[in-house]
Amino acid sequence: MIDTLIIGGGAAGLYASSLLSEAAILERNEECGRKLLLTGGGRCNYTHNSSVQELLSHYHGNLPFIRKVLYSHSPAEIIERFKKLGISPSDENGKIFPLKGDAEDILGALLKNDTNVIHGKALEITKEDGIFSVTTDSGVIKARNIIIATGGNAYPHTGSDGSGYHLAKSLGHSITSPHPALAAIALEPSLKDAEGISLSLELRKGKKSVSDMAVVTKRGISGPAAENFSYLLNGREEITICFASPDIKTLRERKGAMLVKNALPVPPRLGEALLGEIADKKLGNLSKKEELLITERSSRHSFRASAIAESAMSTAGGVKTAEINADTMESKLVSGLYFAGDIIDVDADCGGYSLTWAFATAFIAARAIRS
């Protein structure tokens, strides 16, 4: 009999375990924290040093629920918690990294020598007479409390394969359709001829917009702009990309002999990808229709866009927050069942916000179980 079984040895599960004296982690991989080691390019941007009010604009979902969670365990408290675990912070424009810049340090701090890790995959959860029975691929585990911290379905090779949704649904919970977040974006038509170019741009879908740096790829775009916009894409959808808009009339008057691609406020290869043959015309030889086309494609170019699932670092969608008590992370449907991390229907921008969410929800669940 285990007091608390934590299903999933990722960031949320490890943080909860570090706060509980009578807990075990059920981890399907040979080692815990595979996805954690990939965050921040292996440097692990583990939180963002700003006020809760400033944080809120970087989260997507039920804002009253999110606000309550973040006030319960703020970035400042996360930083202090890791200091107690031996991690000195390094602040890079608000992004908090371990001083040595190595995700292994964060994993090592969370994975205590006495952490009880059981290797196996949870297949089914039932509850009878106040006790949970978790059927795994290597046997049955009984526990008084369960924390489901399996993550969403981003990076399946790290263990976040969406299996937690099945467990939650089997216990009566509703799941908001999961889709990739913090992902690169595929574009139709592609801009593959401009692959490798980095620039600032604005992405729009309806009234929503994101402005940031992006890198043109063979399939579309990557970088912060794409990652922070991708949660809006559920399937293939129409979007608008706003590049730097040229003043064609002024350019023609001053540089009429210059080729269009060399006069635009974007790199020539991108100009060619956006405009085709027009890019190789001289400014002075453009027709009024061609001038209008250049302006339109630079300032508001339409694409069919979709998030690239295999590149996603997070998941939008998940267990509905209406079915979770924000004060405890306990299920409103099943007593003794808790949720933490990306499995909940909340997602965030890149910059340490997702790990902040994982740690805050894990802290609240562990606090409730201890009380």
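Visitor: Let's start with Arg43: how exposed is it?
Guide: In this predicted model, Arg43 has a relative accessible area of 30%, so it counts as partly exposed.

Visitor: And what does its side chain meet?
Guide: The side chain of Arg43 forms a salt bridge with that of Glu92, at 2.4 Å from N to O. The two residues are 49 apart and link distant parts of the chain, with Arg43 in the loop between strand E2 (23-27) and E3, and Glu92 in strand E5. Glu92 is partly exposed as well, because its relative accessibility is 32%.

Visitor: Which sheet does E5 sit in?
Guide: E5 belongs to an open sheet of three strands in the order E3-E6-E5, with antiparallel pairing. Strands E3 (47-48) and E5 (89-92) are the edges, each pairing on one side only. Between E3 and E6 there are two bridges, and His48 has Lys95 in E6 as its bridge partner.

Visitor: Changing topic, how do E13 and E14 pair?
Guide: Strand E13 (residues 198-205) and strand E14 (residues 208-216) run antiparallel and are joined by eight bridges; Leu203, for instance, has Val210 in E14 as its bridge partner. The two strands form a hairpin with two residues between them, and Gly206 in the turn has a positive phi of about 60°.

Visitor: Is Glu202 buried or exposed?
Guide: Glu202 counts as buried, because its relative accessibility is 19%, and the cut-off for buried is under 20%. Its side chain meets that of Arg204 in a salt bridge of 3.2 Å, N to O, while Arg204 is partly exposed at 37%.

Visitor: What about Lys261, which residue does it pair with?
Guide: Lys261 and Glu272 meet in a salt bridge of 2.9 Å, N to O, linking helix H9 (residues 260-263) with helix H10 (residues 268-275). Lys261 is buried at 17% relative accessibility, whereas Glu272 is partly exposed at 30%. Salt bridges with shared partners join Lys261, Glu272 and Asp280 into one network.

Key. Residues numbered from 1 in each chain as written. Predicted model: local features only at pLDDT ≥ 70, side-chain atom pairs only at ≥ 80, totals over all residues. Heavy atoms only, no water. Pairing = 2+ DSSP bridges. Helix = DSSP H or I, 4+ residues; strand = E, 2+ residues; numbered from the N terminus. Salt bridge = Lys/Arg side-chain N within 4 Å of Asp/Glu carboxyl O. Buried < 20%, exposed > 50% of the residue type's maximum accessible area, 1.4 Å probe, protein only.
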